[in-house]
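Please look at the sequence and the structure below before reading on.

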Amino acid sequence: MTFLEKTTDVRKLRHWDGDMEAQYLYTTGIAGDIFFKGIMNGKIMGSKCEKCNRICVPPRIYCEVCFERLNEYVEVSKKGKIHTYTIAKIDIEDKRLKEPLIWAMIKLDGVDGGMVHKVSEIAPKEVKIGLKVEAKFKNKKERKGSILDIEYFKPVK
Amino acid sequence: MTENIKKFYGEELSRKQISDGKITIVEHSPKVKYAWSCGEAMSRFLNELKEGKLIGRKCNKCNRILFPPRMFCEQCFKATNEWVYIKDTGRIMTYSISYVDTHARRIKKPILVGVIAMDGASKNMGIMHYFDEVKSDKIKIDMRVKAVWKRKEEREGAITDIKYFKPLGE
Amino acid sequence: MVKDVAVIGAGMTIFRRRLKETGKEMCFEATKMALDSAGMTLKDVDTVVMGSAPDAFDGIHMKGENLLDGAGGYHKPYMRVFTGGGTGVFAPIAGWWHVASGMSDVCLVVCEEKMSSCYPHPQSAFAHIWDPIIDRPLKPNLMWIFAMEMNRYMHAHNVSKEDIALVAVKNKKNALDHPCAQLGANITVDDVLNSEVIAWPVNLLDVSPPSDGAAAMLLVSEDVVSNHTDNPVWIEGVGWSIDSTMWTNRDLSFPQYVAKAAKMAYKMARIDNPRRQIDVVEPYDPFDYKELHHLEGLLLCDKGEAPVLTREGVTQRDGDLPCCPSGGLLGVGNPIAATMAVKTCEIYWQLSGQAGKRQVPGDPRTGVCQAWGDLMQYGSVMVMRS
């Protein structure tokens, strides 16, 4: 058996083409359902851990730190700060984007956690860690109970 | 367990609750493509299929003729030694009469499928394939069968170059 | 110096075709129940083992990592193990070596499967376990290989479909006593024989259903067991073995891999006459013929004898060798790895006298559970004693 030939493209060898076709339907879960229905109503929901004295976003039915069951869901601020970010120049298929996109991890005010989302209405070179941003929701009619119901985060004026 | 536990968790969901949009869901279909390198043994095997021939590999230590061929003997754990042509006839080791397709969809005309131990290879050396030209109530374990090949110009170097196996009718 | 390892608590969710809970949430519920039943908190846990079958069911790659928060893995030594359908007994074996090695005093084992994510049927995900070059072009359904194995088993010992159907009747009936069961039912042999043919010789009622569910178990070392319980169940033997991937090259009528795994576990547990020394058994039963196949593989009877034992009532819950008193996969459900709940956890519950309505009479002291997976090639076995 030879492993001496160098090749970077398996299609130049004797090969067999195929795919892994599958369809998925994910339930969002007990806490996820509350979160996404909240988003549909223009709210961001968290769950409160009394023992650790923190509010988890996205909400969950348990606190992964103390492992207590969480039963209290609360609306949290739609504003927060950029914790870290990247400026993407390629898309998911490795293709060049016409305009770069800003993707950030946003820590919401007063909670433990937040979310990764797009940041817009600001030039990439103006973005900074610590920048105050707020969620921009789609029009109510267009919302579907998805993370994309938040169109993007924008700088707080 | 059961005596002390008051509540078992889990909330059953019906198809209707989902189709009615009563709960939030996320759908996704990954689009992934693969090109699997065939390697030495399978490359030769597929090339020979295109020629209408079946080939195995012999291990000189255990003296088995392995089919489908591989470049190593998993029992002796050494490289196999030589290529050996085997016959396109064999014996049904087992079979099923399937009323479901690959996606578990119901089908009217059943698929006859099974494992055929090939003549000229060592004991139990079989491959999976279809059967045809036999009624589903006539097919039997140990029945002798022969490969029915695609025409030469239709063959592409694939396991499907054999269309199916049919009874030898001895 | 190998430490003795005891089971001191277990938990599970209900099993259903589709649960609202996410995989993480299911893991939390099973884990919480196990911790509560042992009077412990996550702080008491040193290490965590996660067992889960192919990523393609949940539709989340690296799902072990996805599940860890709900499985109590936060900031702990955590690993995922995976041996296909064999995971439900293999994950606790991995937990056993965490404790037996002296590495940790308390190991939490969590198993999860959310098979409803993949639709229209999890079979679409099963398609990807076949060899892409030689098998997949034939557009196989995984059901085919089980049908072919069942056919070979029937042929080798002249076993009738009626005898095999008795297993489905028994297990679905046993499952009526399980509070988490998906398919407990009073059915007859004729119901099985007249149910839809999926892939002859397999009919619909010969098969366990796809399910969502999770299970959890707590294993502790001999050094700390008295701090937690006075009713431990000891893991006395473990074994596992795998056969060739070339499944078309094997005689399918006897599960050699199960026999090898059983011999390994029996040797460790000093069992030399399994039929006499084992009081209760949970063989893997995703299909009814598999219970028979596995009883023979577990050396609890001769080859071809399991259908006779079944016909004579020996394997009933009140019989001489109770098999699948839980209701098994056929009755309780089949969330692949999480079947730990009806195999390993069930033997724990039986031997500690906590099985409630499912309790096997006669104070069973020694039990065996077994699981089976990959391309019909993998066996995992555990012997437990109270």
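## Extent of the interface

In this predicted model, the contact between chain B and chain C involves 52 residues of chain B and 54 residues of chain C. Putting chain B and chain C together buries an area of about 4,800 Å², and carbon and sulfur atoms account for 64% of that area.

## Polar contacts and salt bridges

Between chain B and chain C there are 21 residue pairs in polar contact, counted where both residues are at pLDDT 80 or more, and the count of salt bridges between chain B and chain C is 2. One of these salt bridges joins B:Glu12 to C:Arg16, with 3.3 Å between the closest N and O atoms.

## What chain B contributes

On the side of chain B that touches chain C, at least two residues are supplied by each of strand 2 (33–37), helix 2 (39–50), strand 8 (89–100), strand 9 (106–118) and strand 10 (126–130) of chain B. Strand 8 of chain B provides the largest share of this side, namely 8 residues. By residue class, the side of chain B that touches chain C is made up of 29 nonpolar, 14 polar and 9 charged residues.

## Strand pairing across the chains

Strand 8 of chain B also pairs with strand 6 (residues 197–200) of chain C, in the antiparallel sense and over 2 bridges. Within strand 6 of chain C, C:Ala199 is the residue that stands opposite B:Ser98.

Notes
Residues numbered from 1 in each chain as written. Chains lettered and ligands numbered in written order. Predicted model: local features only at pLDDT ≥ 70, side-chain atom pairs only at ≥ 80, totals over all residues. Heavy atoms only, no water. Contact = heavy atoms within 4.5 Å. Buried area = accessible area lost by both parts, 1.4 Å probe. Salt bridge = Lys/Arg side-chain N within 4 Å of Asp/Glu carboxyl O. Polar contact = N/O pair within 3.5 Å; in protein donor to acceptor, adjacent residues only side chain to side chain. Helix = DSSP H or I, 4+ residues; strand = E, 2+ residues; numbered from the N terminus. Nonpolar A, V, L, I, M, F, W, Y, C, P; charged D, E, K, R; others polar. Pairing = 2+ DSSP bridges.
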